[in-house]
Amino acid sequence: LVWRKVGDAAPARRQSVSHRLSQSGQAGQGISAHTPQVCIVDTGVRGTIAVGLVPQYYKLDYQPGWLPHSVAYHADDGKLFNGNGLGQQFGPKCFTGDRIGCGIYIESFDRGMATVFFTRNGKEIGSVVLAVSPDGLFPAVGMHSLGEEVRIDLQAEWGRDEDDSVMMVDSHEDEWGRLHDVKVCGTLLEYVGKGKSIMDVGLAQARHALSTRSHYFEVEIIDPGEKCYIALGLARKDYPKNRHPGWSRGSVAYHADDGKIFQGSGVGDPFGPRCYKGDIMGCGIMFPRDYTLDSEGDSDECIEGAEIKPKQPPPQQQQQQQ
């Protein structure tokens, strides 16, 4: 899920917008083994993003934490707001790419009170005791300036290690075999390299190869950056980390900035349209019906010797073109 703040960026307090999220789709159940987590995609004009818990019928034109029986961690100043408009210093400020999480210690319930904790990038910041509303507590996100955008993961798993009680939040990093100058935020990948030379390439390579059971994947362009130098494709396991997919042997890739296909060479061929913000690029393998994986024959030849073909129109359309 991606939420984006739109409209006038007025500084008035009541211009804020809050989104109340029902966890697991059950009314009144804001408590679960899964901790809501928000990744900041864009801080917008001021980065006034708040993450926390609110009652079921919380006013949607107030930031979480401003009204009674609500609590929230605010990204722009790192303050905690606990039921009023006066925040207390709580943690660091948060920026694009940071992950903010919020949850409740199940064992802390006692006579209508609960301990609410907050995390930043998978590590616990701190906690606060809160009176639980009779209607329950619901995960909520508030945004207050133009252009703010967040990605929401309502199923982020967490737990406490028995030895050091460090928070563990699922960031999907285990799905990637190699990461170079790329930051993972849930399902979001962000380039964090210098971007000054042809060698400043960021590479994210999946841990597992495509197979007959998992033969296709897609990527949505959330932010194209300055020049949309985004490439999607397949590469050998030991592919150079500072080379775009498609540039070196044992790889093939479709490049978004020029719509070209690169197959083991730095010279691309026209292949498809250019891609922009919001476009979804996909890549897959059409395995033969009688295909069997030969683990001993796993080499780069299958990629280097492949014949690249643009998508062909249906037979009827081909006859009309002739």
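Select Phe117. Its relative accessibility is 1%, so Phe117 counts as buried. Buried means under 20% relative accessible area, exposed means over 50%, and partly exposed lies in between, with a 1.4 Å probe and protein chains only. Phe117 sits in strand β9. Strands are DSSP runs of E with at least two residues, helices are runs of H or I with at least four, and both are numbered from the N terminus.

This is a predicted model: local features need pLDDT of at least 70, side-chain atom pairs count only at pLDDT 80 or more, and totals for chains, interfaces and linings use all residues. Residues are numbered from 1 along each chain as its sequence is written, and side-chain values use heavy atoms, with hydrogens and water left out.

Now show aromatic rings. The whole structure holds five aromatic pairs. Rings of Phe, Tyr and Trp (its six-membered ring) pair if their centres lie within 6.5 Å; planes under 30 degrees apart count as stacked, over 60 as edge-to-face, and the rest as tilted.

Select Tyr73 with Phe118. This aromatic pair is tilted, at 6.2 Å centre to centre and 55° between the planes. The pair links distant parts of the chain: Tyr73 is in strand β5 and Phe118 in strand β9, 45 residues apart. Tyr73 is buried, at 0% relative accessibility. Phe118 is buried too, at 0%.

Move to Tyr254 and Phe271. Their ring centres are 5.7 Å apart and their planes meet at 70°, so the pair is edge-to-face. Tyr254 lies in strand β19 (residues 251-255), while Phe271 is in the loop between β21 (269-270) and β22 (280-284), 17 residues apart. Buried or partly exposed: which is Phe271? Phe271 is partly exposed, with a relative accessible area of 28%. Tyr254 is buried, at 16%.

Ring pairs link Tyr73, Phe90 and Phe118 into a cluster.

**Stop: the cores**

Nonpolar side chains tend to be buried together in soluble globular proteins. A nonpolar core here is a set of buried Ala, Val, Leu, Ile, Met, Phe, Trp, Tyr and Cys residues joined through side-chain atoms within 4.5 Å. Select Ile49, Leu53, Val71, Ile100, Val116, Phe118 and Val150. These have the most contacts inside the largest nonpolar core, which has 23 residues. Strands supplying at least two residues each include β3 (34-43), β5 (71-74), β9 (113-120) and β12 (148-157).

Another core lies apart from it, with eleven residues, among them Leu234, Val252, Tyr254 and Cys275.

Return to Leu53 and show its contacts (heavy atoms within 4.5 Å). Leaving out residues up to four places away in sequence, Leu53 touches partners including His69, Val71, Cys102, Val116 and Phe138.

**Stop: cysteines**

Select Cys94 and Cys102. Cys94 is buried, with a relative accessible area of 4%. Cys102 is buried at 2%. How many disulfides are there? A disulfide is a pair of cysteine sulfur atoms within 2.5 Å, and by this rule the count is zero.

**Zoom out**

Show the chain as a cartoon. Its secondary structure comes to two helices and 22 strands. Of its 322 residues, 38% count as buried. Among contacts between residues at least 6 apart in sequence, 58% join residues at least 24 apart.
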